[in-house]
Amino acid sequence: MNERITGLETLREIKHKVLENHRKYRLRLMLCGGTGCRASGTHSFKAALAEEIAHRGLGDEILVTETGCNGFCAVGPVMLILPEDTFYLGLRPEDVPEIVEQHLIKGRRVERLLYEDPQTKQKIPCMHDIPFFSHQLTWTMKNKGYIDPEQIDEYIARDGYAAAAQALFDMTPDEIISEVKTSGLRGRGGAGFPTGLKWDFAKGARNDTKYVLCNADEGDPGAFMDRSILESDPHSVLEGMLIAAVAIGARQGFIYCRAEYPLAIERLTIAIQQAEQRGLLGKNIMDTGTDFTIEIYKGAGAFVCGEETALMRSIEGRRGMPRPRPPFPAVSGLWEKPSLLNNVETWSSVPRIIWGGGDLYAKIGTETSKGTKVFAVTGKINNIGLVEVPMGTPIGDIIFDIGGGIPGKKRFKAAQLGGPSGGCIPAEHLNLPTDYEAIAQAGAIMGSGGMIVMDEDTCMVDMARYFMEFCQDESCGKCTPCRIGTRRMLEILENICQGKGEPGDIERLETLANSIRDTALCGLGQTAPNPVFSTLRYFMDEYKAHIFDKKCPAGVCPDLFKAPCQNGCPVEMDIPAYIALIRAGRLDDAYQVLKQTNPFPSVCGRVCGHPCQDRCRRSQLDESLAIKDLKRFITDYTTPPRVAPIPVVHTEKIAVIGAGPAGLTAALEMKKRGYEVTVFEALSEAGGMLRWGIPAYRLPREILNREIQEILDTGVVLKTDIKIGEDLRFADLESQFDAVYVSTGAQKSMPLGLDGETAEGVMGAVEFLRAWNMGEPVAVGNQVAVIGGGNSAVDAARTAVRLGADSVTMIYRREQKDMPALDAEIRAAQEEGVAIECLADPVEIVTENGRVCALKLSRMRLGSFDASGRRRPVAVEGSEYVIPVDTLIPAIGQKAELESMSDKIGRDMKKTRIHVNKDFSTSHPRVWAGGDVVTGPAMVIDAIAAGQKAAASMDKTLRTARGESPWEQAPGLIEIPFEVDEEIVEQPRAKIGELAPAHRCKGFEEVELGYDRDTAMNEARRCIRCDVKIEQG
Amino acid sequence: MVTLTIDNLTVDAPEGSTILEAARNAGIHIPSLCTLPEIHHSPGACRVCVVEVERARSLVAACVYPVANGMKVKTSTRRVRKARQQVMEFLLSDHPRDCNICQKHGNCELQQVAELVGQRDITVPCTDFTRHNIDDSSDVLIRDMSKCIHCLRCVTVCADVQGVSLLTPEGRGFDSRVVPAMGHFLADSACTYCGQCAVVCPTGAIVEKDHTDRVWSALEDPSLHVVVQEAPAIRAQLGEEFGMAPGNLVTGKMITALRRLGFDRVFDTNFTADLTIIEEGHELLHRVKTGGKLPMITSCSPGWIKFIEHFYPDLLPHLSTCKSPQQMFGALAKTYYAQTEGIDPATVFVVSIMPCTAKKFEAARPEMRSSGYRDVDAVLTTRELGRMLRQAGIDLAVLPEGTYDAPMGQYSGAGTIFGATGGVMEAALRTVYAVVAGRDLPSLDITAVRGLDGIKEAALEIGELGEVRAAVAHGLGNARTVLDRIAAGQADYHFIEIMSCPGGCVGGGGQPLPASDEKRTLRAKALYHDDGRVQTIRQSHENPAIKALYDGFLKEPLGKKSHDLLHTRYTARGV
């Protein structure tokens, strides 16, 4: 089949022949041969497959076709089986016999090679049912994965070159351009200039020689749209260029493709050869007398050559440097001739616009941004790959529905759009539609379609620094602002990342960024400051943390922390040190290290939310270290350091209201600094939420009592049963003490806001737990429902189980993966028989005789994204259902009681919080506050951190008034060993022993048993000591 | 014409002109660093000339942005002034702050523009400086890229004007720099040493290697007999070094100044220019009569010689074998003059004052030692002589007129016009005509070969020779055009004059700065004034000192002595 094509008729004949040939085969196996899948082993699989098919004599019924990029690069190599639409992924040569035997011969799908939904764990056999594909709409990429890109006939069989024939035979140049204008297509290279208009300019330019150019110099970090299109459907680009050549009257075209795309160049070369052979390119195309030749020009990979004037200079054989415009290339471009340049995606969109009609395309998308857009989605996302969606699709839909969300329960932080010229879209803008204007308004650019997803472990200052470095490395050096200005910005950013940032740096960055944007010669320079603009806009806090606190919150900038675990700890416990000391067998020293920063190590070894573990670098190898359990091990296996009374050396007196972890920590810290400290506690014993909120099966009371006693042993005075406002007026405290620290916590449950909440059988989780822990009689019915998904909800549910409830159900309005409670706690609750009902929300409390008897729930679905970046649950209309309930425990939040406090301290009665400054001072000059009363319910370690920081601030204020400098802790004198295994062997985290669920449900015995010595030693050995910086010789 | 508004002024400007041109014509000076209209160089690179154009997204570079009807331009709003200062601050932040000891001190466009935009501080962090090795590999030019501001003028002048294309930006971003291609050092490159890059460089990034110290040392050495020669163009340039208007002929003051500096004899290169005409004229006649290689091309300009040696080695036989006047002078000073005066030639130290940087290279060529000694010992450019005189406290403007020493100080007007493009041709044709026809040209002014047109042609009926066709090119880019024609067999000339520098020696690489075509025209005018109005003898063969030289020493043109002392050979060099 090599006959010359002379028009639509021959094209139809070829299509017919190809389809007829396809019908001869029972199954067609479309094996992805894109760069990604090739790298993961397409060819070894293909060879094995071909051999097995031949061996089993299936050659006549099974056709194997190697296609271009299928798009689902994360799970390659992938294979689509037509016509049945079965989709296999992660293929290895050893899978071949099973596929052939089971699927190809017996017609049974190989389950283990099918896609599995990460939520439901269900297998999804058909490609079009997999969310990654089902949410896409392909236009530009409609042929991807369906054709062999090296066979022109396969392209023709999918109506290829029909549009070109139509343009050549049936359309005037003006009609062609008008169709493109009707489609509303805008340049997909990034700037979004209306394509039809550009063609019009090029057509209007008077010159015998004109050029049609394709920009395939894709260079943004993380972008691979153009490469994939060229690899999977090269003819669509050639056809688009040919149509434009007809429209503007050009006889020569160039594709400027970076040399780093060898496969794209190979397939383009083949495509051009075949098109020439068939009379679709070259001289006298389809016998119409039209000539159009396309040449490939290989670029050497300079990013700036993506800029059109630089690209043209490069084709001319000169150094790729941009020149000022005007004149625009449509008037004077390549060799000073009128030149029409579009990028790969734009060209590839054109044939279907001409063939199907521009209005069809214009129906897709938004008012100003028509059609579809291809995105290369990469970074911290599950489904790395290539996606095509209608313009206007919310960014969140791309990331979560198609992209499958963020791996490893990490939080989404931002998506970088438009590469180094673009900006980031933060979590609060996940509903942003992907249209040119909306994205620009949010401070990013559509760009060519690179979308780099970043999670909480990404430092946005470092990200800005990276892109600035990229621009600096890729600047051609021609104009001053880009050559020197971006370097100056880079230096400021580097300083900030290295902890050498200074006040004024942010303003300096802004000034320089504005000037560079205003004065640079070309797009590269003008947009180089964009990542800085957008990170300053959305992540100013991170800049400030780097500059003023010398902290990198994400734990990325290596000069600003010792180890990521320590950086992630609110009190910056020296984790690598105590783990090294465990390994060295020096447990007493390890305990000393614990106590240096944390008065409650034993408590934290049991109930801390351990943000440190989420940061552990070991997790990049296998699993993060069990830091929490190791901490507990130290306190289990050795005696605490001796505590001696601390003398009072200052005259100022300190009052602390509330003996929870925040208050006790602040008291101890002030005591250490030599003050007389009195703690007032409304209840009968100290401990706050640790005692009254956390059940004893998680935190045995003798452990808590011991650590509180160690604080009191220093000489802190505790006065219990004194409630401020009732037993003692706040005004009296004010007059008797020089500084007051308010840490009264948040101990009232938030109401659901439904009628019947006062009915019998309804009690807030906090109240429920406190009553039980205080020894008050608590009546738990048979059918308990707990509303909420946090740790308090789990505590209430597990306590209810222990109190004898028949059934306990947790009701949560989002998905289980969104529950804020610790995973281990949720798992333990489930083991103990707690049911979890997700995507449900109470709408009515049904009562009978003043007592709750049932709960009406509504099914929820996840709607648009809220400011936290999570999907907002929305009630599904008409989905209400009723469950019987005799005990209802709302656990949806807690609030503080502030009525008795002075109104001078910045009470926010609406949010029931005290508003504090950065140093925990309030609007009252002698009152500080911290803990849950400021933040709402948070981790113990946050309360401890709040107490420490408030104490430092109180001390500083008092000393400054006396003209002294603030207290500084004496440095620890414990020498920390450095010992690591020479070779790190994969080894999962050591499991901690637990009581069996059946046994533990009967009482409040501690569930977790702690490590034994050998297990702890082994676990400590897993630390890779990433805190140690080895000097480079 | 289009009409636009600049700073609320209604301005008419020709279509296709830039905002910068329109503004300057309207009396609004927009500062700029990179643009240089004379060499058609407007890369829009430095961004100092940014202005606000209504409805434009960002500021635009006035030097490249074309005017349009109804355009509204603002050239000194706060936004514009701040942007210019910021750009200037960027440039200064990456510039060595050693202005006081820089060769371009006081003559530096970067300094001037910094003053114009009012930049007074550097507050951006500049932990990183461009620190590149200084290329002083050659004995002619020094390139210090840490002073480079990337105006790219040198790249354009080297490629577009001189056709050499030696220089190119290399590297990326902050580390990019302008270097000889392939990372060669200048000394290992195809650089012609024409020095035009140094002429256009706005800063001290490209300067001539200063040889004044060699000359001071010679003058201070009592055992040496130091003689000096000055190229024809010097007398029309030197005044500018002392604040005089371009085109002032300062021959007499220059002689006095040189004598005061301590030179033992003040001679003139014009003398050997006349001699060159005799030798070269006879060589042309010989080639025409004997069927020698034609067209014959002049060989006075050392940058040109190096150019053809690198790029057109096949055409070397077209070159006249005559040494340049500088080298003829040196060879005679150490033979003829030393003999005549009875001085040990080993003690004769020849200094030449040249408008040219390539002359430093020429003087050092190994074949330029036919006297048994290095013909010329030290070469100073006009700028270097200016520096020496200022160091010596000699104010040229107020000096009395001096006269040349004998025997190598006497010259004709034909010698003087060597300094302007076409001058050699004009001088040669006068003599050739006279020799062949036995009488003078009806008019000694051959105006067809005068002026700044890139390639000029003339044809003259000369007695038995018939029509003699001549061409004149200046600037190596034009030379390339002519050579390509010769190589293609399309150059039906007998004689071609080629000068390396635009305008000839009056536009040489060693000329006073800043340079311009206007100045070059005025300087040439002064030389033609000397020829037409000052000198009574206007033809080389009529110079009595030349006659005496032949009578007493050389005997005959193209004779054995001439061959030994005044003629040379050429070397094919790689690109």
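**Close-up 1. The loop of chain B that holds B:Pro295.** In this predicted model, B:Pro295 lies in the loop that runs between helix H8 (269-290) and strand E12 (296-297) of chain B. The peptide bond that joins B:Leu294 to B:Pro295 is cis, and its omega angle is about -10°.

**Close-up 2. A cis peptide bond between A:Pro326 and A:Pro327.** Here the view turns to chain A, where A:Pro327 is placed in the loop between helix H13 (308-315) and strand E11 (339-343). The bond linking A:Pro326 with A:Pro327 is a cis peptide bond, for which omega is about 0°.

**Close-up 3. B:Asn8, a residue other than glycine with a positive phi.** The loop between strand E1 (2-6) and strand E2 (9-13) of chain B contains B:Asn8, and the phi angle of B:Asn8 is near 70°. Is the residue buried or exposed in the model? B:Asn8 has a relative accessible area of 65%, and therefore counts as exposed, since that term is used for values over 50%.

**Close-up 4. B:Leu558, in a loop between two helices of chain B.** Although B:Leu558 is not a glycine, its phi is positive, at about 60°. The loop in which B:Leu558 sits is the one between helix H17 (544-554) and helix H18 (560-566) of chain B. With a relative accessible area of 33%, B:Leu558 is described as partly exposed, because this term covers the values between the buried limit of under 20% and the exposed limit of over 50%.

Definitions and conventions: Residues are numbered from 1 along each chain as its sequence is written. Chains are lettered from A and ligands numbered from 1 in the order in which they are written. This is a predicted model: local features need pLDDT of at least 70, side-chain atom pairs count only at pLDDT 80 or more; totals for chains, interfaces and linings use all residues. Side-chain values use heavy atoms; hydrogens and water are left out. Helices (H or I, at least four residues) and strands (E, at least two) are DSSP runs, numbered from the N terminus. Buried means under 20% relative accessible area, exposed over 50%, partly exposed in between (1.4 Å probe, protein chains only).
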